[in-house]
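Have a go at each task before you read its solution.

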Amino acid sequence: MSELAYKRTNVYEKADDKLLQEIFDYAKGYKVFLDEGKTEREACAFAKEQAKLHGYKPYQFGQKLSVGDKVYYDNRGKNLYLIKVGSKDIATNGIRILASHIDSPRIDFKQVPLYETDGIAFAKTHYYGGIRKYQWATVPLALHGAVALKDGSVIDIKVGEDENDPVFYISDLLPHLASKQNAKTLAEGIGGEDLNVWLGNIPYTLAENEKDKTVKENLLKILFEKYGMKEEDFLSAELCVVPAYKAKDVGFDRGLMGAYGHDDRVCSYPAFTALFDEENSEQTVMVILADKEEIGSEGTTGMQCVLFTDLIDALAQSFGVSSAQVRANSKCLSADVNAGYDPNFRDVCEPLNTAYISCGAGVTKFTGARGKGSSNDADAEFIGFLRRIFDENGVIWQTGEMGKVDAGGGGTVAKYIAKMNIDTIDIGVPVISMHSPFEVISKADLYEVYLAFRAFLK
Ligand code: MN
Ligand code: MN
């Protein structure tokens, strides 16, 4: 790859038939996860089922853990911890941690969403995470989520995924009438309060008087018949609007894959499959599938919650050792995506320090913005350790920053883990069009990240 500014190995260029087959086979399993787990709730449920199939049992605080135990902690159905207790001394060897997130940018219903105007019923929304709003108009949308009723029961909702399901929609102007909108910036073209989701337009009435017919009443009738829910139940609902399509191969050669929410399921999937496939590792391993990363890792299910250290404390107590000592000797890969180099927008990247598509796992020493601000700037020594284990295990990897200096920036869960005195570094799959309704990755990079995680857990 002589055109690349710094020597990198293109995985597809190097791959023999066997490796190519492994890459493509592995991507098939990932596709199932993408299609089944579009929200943190669904991704958490999927990974939990996989964990059960691999012999993982539910963990409860107070329970003593022993060598050989494989447990999961399901945090409110949105955040999953998988723990495998290895034979190596936990005090001196620490824990090998893989931390990824399973929430993705999307559009949420507000708590009072329904309204009708001019014969159309809509839902008001508030977007979740950093989206470019204009990208979410005129694409088929599905509705996923949960409605908590007053009696304590929870209704799961998923509409728009079955071939026969209807989908939902956010409209945009036709070019013929868009001259005023075209003069706005991309950021202003579609505003936050313009992201109103089309829900229906057939009026109905329960009353005798035809004048009382409304579309909203019809919607409420459908919702009650289908889910037994009433309008006030939206108050205690989490309804997420996500793209309605499935993951697809991209390009004639099928080397790339497009999907909603690669960020960060493209690192979550390798994290838990690497754990299952390194069954005989002597390390104590913790795999974290976190929620709320896209809004700052806040809340009970985000990475800033003390649950993380509570679980490490529980492990340490089980062996009668100091939690501080366990953390001091632990190592973490903050498994998250980074911006992949896009030749159509090359001016935002600095070519020497950018992750290239199909050139393997992307290691990011620091994220942040404006002079590495708010970043976990990983130690050179820790990168040295990773270089050794990756090279020993034939992992193809590269280094990459999030764009040019001062072009923008971003963050991950890395700093919250590093804060607990745990060596942490970001590593993941380079993504094209990150946070859009259809992100693109290389299947080769997905597989190399999986191999990198296996090497780390060995
Ligand atoms: Mn991410
Ligand atoms: Mn993100």
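**Exercise 1.** With which side chain does the side chain of Lys48 make a polar contact?

*Solution.* Start with the ground rules: this is a predicted model, where local features need pLDDT of at least 70, side-chain atom pairs count only at pLDDT 80 or more, and totals for chains, interfaces and linings use all residues. Residues are numbered from 1 along each chain as its sequence is written, chains are lettered from A and ligands numbered from 1 in the order in which they are written, and side-chain values use heavy atoms, leaving out hydrogens and water.

Next, find Lys48 in helix α3 (residues 40-53). Its side chain pairs with that of Asp74, at 2.8 Å. A polar contact is a pair of N or O atoms within 3.5 Å; within protein, one must be able to donate a hydrogen and the other to accept it, and residues adjacent in sequence count only if both atoms are side-chain atoms.

**Exercise 2.** Find the protein donors of the manganese ion (ligand 1).

*Solution.* Look for N, O and S atoms within 2.8 Å of the metal (3.2 Å for Na, K and Ca). Along the sequence, the spacing reads H-x161-D-x72-D.

Now check burial: both His101 and Asp336 are buried, meaning under 20% relative accessible area (1.4 Å probe, protein chains only).

Finally, spot the bridge: Asp263 joins the manganese ion (ligand 1) to the manganese ion (ligand 2), and these ions lie 3.3 Å apart.

Technical notes. Buried means under 20% relative accessible area, exposed over 50%, partly exposed in between (1.4 Å probe, protein chains only). Helices (H or I, at least four residues) and strands (E, at least two) are DSSP runs, numbered from the N terminus.
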